[in-house]
Amino acid sequence: MKKELIDKFGRRVTYLRLSITDRCNFRCFYCKPIKDFKYIPHEQILRYEDLLFMARVLREYGIEKIRLTGGEPFIRKGFLSFLEKLREIFENIYITTNGYFLKESAKELKRIGVKGLNISLDTLDRNLFERITKVDALDKVLEGIEESVNAGLNVKLNSVLMKSNIEGIIPLIEYGAKKNIPVRFIELMPISSEVRKEFLSEDSAKAHIRKRYGFIPVKEKFGVGPSKYYKIEEINAIVGFISALTHNFCETCDKIRITSDGKLRVCLALDDEVSVKEAILKRDENALIFVVKKALEKKPLSHNMSLESIISGKNMYQIGG
Ligand code: SAM
Ligand code: SF4
């Protein structure tokens, strides 16, 4: 039988988002509660050799792209050595990061052969940055972006759309244009009622941009995700939108998520996780694929997220955004 992973709607799964830790040095209000957040105890976290076994098996079954995320992936000790080993299995390795540790690691990422780096940057305003993340680290993140671009890495910026930062949209676009990197605006996903109040839609953001710049859709894809891209010719900017709520892209979803403690999630908005940990710890390839295929039967055609319903009992830092 052909080694592949296909859900019941015929969508081939080729993309794994692997959260290697739920720990993070930031506390972005839309991702992690201010207090009383809980981290997975160390002893429950899969070791790197466990993750490499899993990666090898899933690669054989048609997973072509892997994205390392978290929490903050650079927080986990030994991350760069892990990447080096993972690179022997996957040619297409991508990372999503808050950018804090990039100044020190950008050159090494380039040497290892990381395919792409999504760096989260919501604002260029230092005070607002601190209000969002609870850390005064804008300068350090900007240095990380600079270093990554200079190292020749393929960089994109991820920026969560929020009402209180509508005036920050144009400066971010202009910053991206100056650095020659695409900026993707992500619609906020409702993980708590607090967060909901900040929701700003793709269409509202576009209307705001149009007051200053015209933009045209481009066919070219600048990444592996579901973003739709536009060009602002006047300043040579590339702007993308990822709008899970107002422009749902589930139809073409090719993704699964696995957390650092081995929980497989077939849809971001579906709490029905299954554990692949036992199969991994036993190094049982058949059992691992059996569990993944069984879980895929539950992958919905579309998520049921809306502004009125909270997406999950978990927060994003625990799921791996
Ligand atoms: N710490 C890394 C970072 O911030 O890039 C990786 C993990 S973070 C959970 C991955 C992405 O999820 C970030 O771009 C972040 O902005 C996004 N994210 C987190 N919570 C979100 C939410 N409620 N709605 C939309 N995007 C969210
Ligand atoms: Fe940390 Fe990323 Fe979540 Fe911000 S979005 S708290 S940087 S995991």
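# Questions on packing and pairing

User: Is Tyr317 buried or exposed?
Analyst: The cut-offs are relative accessible areas of under 20% for buried, over 50% for exposed and in between for partly exposed, with a 1.4 Å probe and protein chains only. Tyr317 has 2% relative accessibility, so it counts as buried.

User: What kind of model is this?
Analyst: Residues are numbered from 1 along each chain as its sequence is written, chains are lettered from A and ligands numbered from 1 in the order in which they are written, and side-chain values use heavy atoms, with hydrogens and water left out. Local features need pLDDT of at least 70, side-chain atom pairs count only at pLDDT 80 or more, and totals for chains, interfaces and linings use all residues, since this is a predicted model.

User: How far apart in sequence are the parts tied together by Tyr39 and Tyr317?
Analyst: Phe, Tyr and Trp rings (for Trp, the six-membered ring) pair if their centres lie within 6.5 Å, and planes under 30 degrees apart count as stacked, over 60 as edge-to-face and the rest as tilted. Tyr39 and Tyr317 make an edge-to-face pair, at 6.2 Å centre to centre and 80° between the planes. Tyr39 lies in the loop between strand 1 and helix 1 (48–60) and Tyr317 in helix 11 (residues 316–319), so the parts they tie together are apart by 278 residues.

User: What is the angle between the ring planes of Phe74 and Phe79?
Analyst: Both Phe74 and Phe79 are buried. Their ring centres are 4.9 Å apart and the pair is edge-to-face, with the planes at 85°.

User: Which elements cover the buried residues of helix 5?
Analyst: Those buried residues are Leu138, Val141, Gly144, Ile145, Glu147 and Ser148. Their cover includes helix 3 (102–112), strand 4 (116–120), helix 4 (126–133), strand 5 (155–161) and helix 6 (169–179).

User: Which residue of strand 11 stands opposite Ile258?
Analyst: Strands pair if DSSP finds at least two bridges between them. Strand 1 (residues 15–21) runs parallel to strand 10 and is joined to it by 4 bridges, with Ile258 as the bridge partner of Leu18. Strand 10 also pairs with strand 11 (residues 263–265), in the antiparallel sense over 2 bridges. There, Ile258 stands opposite Leu264.

User: Which residues of strand 10 point the other way from Lys255 and Arg257?
Analyst: In a regular strand, side chains alternate between the two faces of the sheet. In strand 10 (residues 255–258), Lys255 and Arg257 point one way, and the buried residues that point the other way are Ile256 and Ile258.

Notes. Contact = heavy atoms within 4.5 Å.
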